[in-house]
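Good morning, and thank you for joining.

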Amino acid sequence: VSRQLKEEIRRGFARLEDPLAGLLAMLESSSDWKGKGHSLGYCITTELQLWIKAHPAVPQSGTELKKLQARALGILSQCPANLLDPLINIYQLHTADRNCLLEHVSHLYLQGNYKEAAILSIKLKLQADQDVEKMCTPLLLQDQANLVEDYVAEYPELQKKLLQTLDTWCEPSFNIRDITRPYQGLTRYKPEKFNRRVLSKLVFRLLERFNVDQALCPNVINQRHLRTLNYLFYKRFVEKTMTEENWADHIQSTVGENRWLQGHLVQSLLRHCDTHGVARWAQHCRVPPEMLPWAVAEELRKLHFQDRVEEVTKADNYEGSKKEDYYQLPIPRENIHFLQTWEETLQCWEKVLQPGQVVGVDMEWKPSFGMVGKPRVALMQLALKDEVFLLDLPRLLEQAEAEGEKEKLPHFIQMLYSDATITKLGYGMSGDLSSLIATCSALKDTEKQMQGVVDLLAVDKQVDGLSPEHSHEERGVRQPEKGLSLLVQHVLGKPLDKTEQLSNWEKRPLREEQILYAASDAYCLLEIYERLCKDPESFGLSSDLTDSLVGKQSKKTRAKKQLNKQEVPSPSGQECQGPRMEPSCSPAPTSPQEFSVVCDNMLQGLGRYLRCLGVDVRLLDNEDDHRKAAEIARQEGRVILTSGLPYQTLRSQVGEGRCFSVNCSEKVKEQALQVLKHYNVQVSLSDIFSRCQ
């Protein structure tokens, strides 16, 4: 707005006997202010707001102010969003009679102006006196979930009521049509956005955002646990990649004493085990005999109580395969140290924090199986040339806090990562750091200070001959190697034994197999690094690999490893340092016609956009489980495009680099550019609209 216009507006206010009434008269008689953008009415209103600050005697009180407030409320129901705050401020509507305000909002609601009623309620802070289910239901039917979040944001009690309501709607026997029936004629009505799958996602989002006790939502939590249960049966009996001990741990922690889940457990056991096997697992999981079929209950009576379940399906596992088939830790068992006290840990740091030291760093956490929150690190592994240290982080943090020295552990970790004279080796370190920060918030700035960090994931795509399919052919019935295991196989000759990967790493004491797995995961990084530095050319790498690996901190905020592994970016937005990427390391150029993807159901807009560019796209329906994307990807050789928590679940079900996490906060065009750039898809003019839309 020009200075001349502003001065003219202020002179006009000065000439008016009652500027507040004058503004209302102008707005009531004009339609200009109803449009979007900064109209003349908007300029005059905001100038009056500033003018009142300079002339504090203007605001009125008593009967006259009430009359003005009543007129202002009438304008609020029609005005654009940018006028709400100035008018509320000018006419002191927060001080108006609360019943009048509630009545006005109720009138808006009854007219079907649900969004306007909710926005005005938020601005006037009326939520505590309203029915949260009544206010939020039509908003959800209009796909206004973000507005619903804002509506309850400052009211913990309303958050709980809303979550309980949503959870009730997610009960399997609940008829959602009972909710939608009264709103059939609703404008912008989107019934496809109102189903248990979408509502369940919203519940988890709200639980995480507002840090509410999950016990408030038993239906949604049970359904998520049931999906976890089905996934565990798939890993154990179909894919056959989970050891019996790991499976038993996760089954117990998933099912617990929940009778509903125990019933589903029994049904799944009956499909995969004989009567004797079902009885033993029922005993192990403390399933009440009355929940079992008669034949299984009879078998259970014959069993003696045992401390440990005997193996039921030995033939189904390849864990009996010769250990010689896998990478072997070259140091004696006594050189692996499990540290739970500060005295032991200080001796570890004295050895690790030495100039010129090379340290393999890895972390383990309990699989979340899609539950709320980021995983918290349960074990941190530090490997040196002759020994490996396994740090029990939860125990050490608890001990330090009890002693009033909770900054002790973060201090040592920051010293390690910020020391340029110590080379830190990792694989996908961005994800590790993200979980480390979730475990200990004092480490949130660690990534900004990192020096001397080498992420071998960035080398992974440069190494010649890395092919999961090739590995699969060589190994016959076992699952194809991927990720670090594939790199270990190619560089050192044998893959890692990953059967402990999905262990419950929070359970103590750790089993011997877990200790050896954790130590191997960190130590193999040292051996890979040494081999690649000695003979980079034989692996198709540049001869200056040594210099590039320990070079200066990368200035790029998005390192190649982020694109390869697609870990969740850390809060700082910076990525771990990786080796300098040669131009030849990016994927070979491909055309949209040769590029096929499956889009998760929260990315349907991206899928349609990519299809316009000629990409072969399959879209999940709103009702589809996220895991259907993994099935389609495996069957049809597609890349999965997903986001958020589903990414953590899906990436483990497909080959490395076959699952991409899309930033949902960006526009569809930006998302598409990220995908095309990452997979080096070259779009030509003839590709556009080459597929049926």
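A residue is called buried under 20% relative accessible area, exposed over 50%, and partly exposed in between, using a 1.4 Å probe and protein chains only. By that rule K534 is exposed, because its relative accessible area is 65%. Please note that this is a predicted model, in which local features need pLDDT of at least 70, side-chain atom pairs count only at pLDDT 80 or more, and totals for chains, interfaces and linings use all residues. Residues are numbered from 1 along each chain as its sequence is written, and side-chain values use heavy atoms, leaving out hydrogens and water.

Let us consider the salt bridges. Side chains of opposite charge can pair when their charged atoms come close. Here, a salt bridge requires a side-chain nitrogen of Lys or Arg within 4 Å of a carboxyl oxygen of Asp or Glu. The whole structure contains 32 of them. In one, K534 joins E530, with the closest N and O atoms 3.5 Å apart. Both residues belong to helix α25 (residues 512–534), where they are four residues apart, about one turn of the helix; helices are DSSP runs of H or I with at least four residues, numbered from the N terminus. E530 counts as partly exposed because its relative accessibility is 32%.

To which residues is E8 bridged? One partner is R11, at 2.8 Å between the closest N and O atoms, and another is R15, at 3.8 Å from N to O. E8 and R11 are three residues apart in helix α1 (residues 3–15), so about one helical turn separates them. E8 is partly exposed at 38% relative accessibility, R11 is partly exposed at 40%, and R15 is exposed at 61%. Elsewhere, a network of salt bridges links D616, R618, E636 and R638.

I turn now to the aromatic rings. Rings of Phe, Tyr and Trp (its six-membered ring) pair if their centres lie within 6.5 Å; planes under 30 degrees apart count as stacked, over 60 as edge-to-face and the rest as tilted. This gives 13 aromatic pairs. F233 and W247 are edge-to-face, because their centres are 5.1 Å apart and their planes stand at 90°. F233 lies in helix α13 (residues 218–238) and W247 in helix α14 (residues 244–255), so the pair ties together parts 14 residues apart in sequence. Both F233 and W247 are buried. W247 also forms an edge-to-face pair with W281, at 4.9 Å between centres and 80° between planes. Finally, F233, F237, W247 and W281 make up one aromatic cluster.

Conventions
Helices (H or I, at least four residues) and strands (E, at least two) are DSSP runs, numbered from the N terminus.
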